[in-house]
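Subject: Structure handover

Hello,

Here is the structure for your files. My notes on it follow below.

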Amino acid sequence: MENLKAWVEINLSNILHNFDEIQRFVGVKIMPIIKADAYGHGIVEIANILKDKASIFGVATLCEAMKLRNFNIKNDILILAPSMNYDLEEIIQNNIICTIATFEDAVTLNNVALKLDKKANIHIKLDTGMGRIGFNISEDTINQILLINKLANINIKGVFSHFAQGEDLDTSFTKLQYQKFEFITNEIQKHIEYFEKHICASGTIINCKDMHLDIVRPGALLYGIFPSFEIKNPLNIKPAMSVKARVVFINHIHVGESIGYNRTYFAKVPTTTAIIMYGYADGYLTNFSNKSYVSINKKKCNIIGRICMDQIIIDVTNVKDIKVGDIVHVIEDDGPSILELSKLGNINAREIQCLTTTGNRLQRIYKK
């Protein structure tokens with residue numbers, strides 16, 4: 001790390017700890033959600049440490065699923081969104097589970113599986129109120145699912161849905177969605193011998209213990225972010241991601257001089273500033289300009305001026321003996337938590353996690 005100007009640290013032990021905390025709390029199967037490069041934590045690295053604990057992983061795309069298969073991850077993998085027709089053969093050949101949201105998609109998948117002389121495993125997606133993807137809640141949907149079950153080369157392995165307000169203290173709409181989900185699943189259970197049901201993500205894992213069903217799908221919780229400001233968190237989860245940087249330049253600003261683009265900050269007193277090579281190209285949004293802070297030598301230092309593409313300007317007037325090369329805690333550890341940044345910048349905490357490693361300039365350092 002001595003030769004890095006900025007980097008991301010991923011604490012794998014904390015992810016293992018969080019998984020065990022969630023498992024203790026739910027007592028059912030866990031499907032770690034590792035889409036979007038495991039929320040910026042590294043999809044292969046996270047899958048590798050969890051492959052002996054989790055029997056199934058959730059991803060968003062075939063590309064993500066194949067990355068796991070190419071690194072010899074043999075666990076079940078569910079692609080949580082519908083797949084394109086031209087991907088179906090590769091999905092079946094690699095024993096990846098499809099999400100099916102229309103009867104026509106099921107027929108198409110069955111035909112491809114028939115051609116390959118294989119069975120295609122699927123989870124049925126119901127739209128219980130998210131208004132996004134899935135079968136609607138109706139008697140006709142029940143009939144269509146039963147017809148899908150009769151397709152010779154299809155195995156219905158699960159049925160699932162997703163909550164629209166799962167992180168809110170008010171659970172009235174969540175309960176309505178759950179009732180709709182139960183209506184469909186209870187009816188098809190009369191005809192289909194066994195399938196797994198899942199509907200809870202991070203918020204409702206905590207907020208709705210009576211809805212855990214057969215599988216829960218933690219994402220934010222797994223990576224140490226409690227996703228709601230309203231709900232009390234009974235779990236001892238630990239953040240897995242932190243960002244650090246080094247001071248690359250020290251400057252002295254006179255009273256009345258402006259700092260940064262658009263001159264959004266003027267020095268009211270003689271000010272010593274430090275520069276780090278970390279900016280919005282690395283996922284640290286301009287939302288945090290003149291609002292957030294970092295920590296240097298255990299001292300809280302405000303970010304001043306507008307955040308640049310590659311650099312951040314920090315007020316280090318009160319840091320004694322600061323020098324080039326000193327480590328700056330930008331996110332977590334001694335710096336602000338991701339939840340703090342979420343409040344300061346009015347941005348979803350998951351966005352911060354994902355954006356932090358979206359670019360290719362920051363190296364991930366894994367600790368365990």
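Phe288 is buried, at 1% relative accessible area (buried means under 20%, with a 1.4 Å probe and protein chains only). This is a predicted model, in which local features need pLDDT of at least 70 and side-chain atom pairs count only at pLDDT 80 or more, while totals for chains, interfaces and linings use all residues. Residues are numbered from 1 along each chain as its sequence is written, and side-chain values use heavy atoms, with hydrogens and water left out.

Tyr284 is buried as well, with a relative accessible area of 1%. The ring centres of Tyr284 and Phe288 are 4.8 Å apart and the planes meet at 50°, so this pair is tilted (rings of Phe, Tyr and Trp, the last by its six-membered ring, pair if their centres lie within 6.5 Å; planes under 30 degrees apart are stacked, over 60 edge-to-face, the rest tilted). Tyr278, buried at 0% relative accessibility, forms a tilted pair with Tyr284, at 5.5 Å centre to centre and 55° between the planes. Tyr278, Tyr284 and Phe288 make up one aromatic cluster. The count of aromatic pairs is three.

- Lys209 is over the face of Phe25, 4.5 Å from the ring centre.
- Lys300 has its charged end over the ring of Tyr293, 4.4 Å from the centre.

Regards

Technical notes. Buried < 20%, exposed > 50% of the residue type's maximum accessible area, 1.4 Å probe, protein only. Lys NZ or Arg CZ within 6 Å of the ring centre and 35° of its normal.
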